[in-house]
Amino acid sequence: DKKVSILGIPFDNLTRVEFLARLLARMEANQKTFLVTANPEIVMYAKEDDEYYNLLLKADYVAPDGIGIVRAAKKLGTPIKERVPGFELMLGLLELSNMHKKRVYFIGAKEEIVEKAVNNAEKLWPNLVVAGYHHGYFDHSDSAMIDHVKSVEPDLILVAFGFPRQEKWIHEYLKAAGHGIAVGVGGSFDVLSG
Ligand code: UDP
């Protein structure tokens with residue numbers, strides 16, 4: 001597929017439904033997948049942080065998170081189909097995980113927030129298989145957490161540390177893990193917990 005470049009970030013020109021279809025296919029095929037939902041803040045930040053920029057280039061998919069990305073693409077003469085908010089992509093992935101009995105790990109936010117987010121997810125999707133959850137306030141460079149998450153074999157790993165922390169951790173996680181779709185979801189657990 002052709003990518004749409006905005007300040008050097010390669011966005012996938014897919015609708016929300018198309019993203020979810022591909023991500024499900026990759027889950028079914030046990031292909032490890034680094035998904036980034038990039039909003040204008042992330043694009044601007046990547047200009048200032050080379051390490052982070054190079055990380056984003058390693059993503060398997062970059063979703064256009066926000067109307068600012070859609071507008072920029074149009075201005076550049078390479079329109080993209082639609083805005084794909086990270087929060088909606090996360091809800092879609094949880095829905096698919098529920099339907100296909102995939103294992104989900106929630107990592108990030110404060111202890112009581114992630115706990116409530118998991119409780120709400122279990123109410124919304126009664127067949128959801130929660131592989132585990134953990135708050136986000138630990139030493140992100142400690143590989144013990146990577147080993148732990150890997151050991152429970154999640155198919156979907158939702159990482160809510162905020163950028164750029166979450167993408168950096170995901171990159172290390174996927175180097176070690178055998179499979180799983182990993183995505184940084186920013187402040188989404190704070191929303192899902194409410
Ligand atoms: N967070 C975390 N570990 C950290 C820093 C932040 O788990 O070391 C969580 C925080 O509790 C919140 C989420 O990351 O749920 C997003 O944080 P923030 O609002 O600072 O980031 P942004 O949404 O602006 O990227």
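Visitor: Where is Pro 164 found?
Guide: Pro 164 sits in the loop between β7 (156-160) and α8; strands are DSSP runs of E with at least two residues, helices runs of H or I with at least four, numbered from the N terminus. This is a predicted model, in which local features need pLDDT of at least 70 and side-chain atom pairs count only at pLDDT 80 or more, while totals for chains, interfaces and linings use all residues. Residues are numbered from 1 along each chain as its sequence is written.

Visitor: Is the peptide bond from Phe 163 to Pro 164 cis or trans?
Guide: The bond from Phe 163 to Pro 164 is cis, with omega near -5°. Most peptide bonds are trans.

Visitor: What is phi of Lys 101, and where is Lys 101 found?
Guide: Phi of Lys 101 is near 55°, a positive value in a residue other than glycine. Lys 101 lies in the loop between α5 and β5 (103-108).

Visitor: Why are α1 and α5 called oblique?
Guide: Helix α1 (residues 16-28) and helix α5 (residues 86-99) pack at about 45°, with their axes 10 Å apart. Axes are lines fitted to C-alpha atoms over the stretch in contact, and angles run from 0 to 180 degrees between N-to-C directions. Angles under 35 degrees count as roughly parallel, over 145 as roughly antiparallel, 65 to 115 as roughly perpendicular and the rest as oblique. The pair α1 and α5 is therefore oblique.

Visitor: Which residues of α1 and α5 meet?
Guide: On α1 they are Arg 16, Phe 19, Leu 20, Leu 23 and Leu 24, and on α5 Glu 88, Leu 89, Gly 92, Leu 93 and Leu 96; contact requires C-beta atoms, placed from the backbone, within 7 Å. The contact of α1 with α5 has seven nonpolar, one polar and two charged residues. Asp, Glu, Lys and Arg count as charged, Ala, Val, Leu, Ile, Met, Phe, Trp, Tyr, Cys and Pro as nonpolar, and the others, Gly among them, as polar.

Visitor: What makes α7 oblique to α8?
Guide: The axes of helix α7 (residues 143-151) and helix α8 (residues 165-176) come within 10 Å and cross at roughly 55°, which makes α7 oblique to α8. Ile 146, Val 149 and Lys 150 of α7 make the contact with Glu 172, Tyr 173 and Ala 176 of α8. The residues of this contact of α7 with α8 are four nonpolar, no polar and two charged.

Terms used: Two residues are in contact if their C-beta atoms, placed from the backbone, lie within 7 Å.
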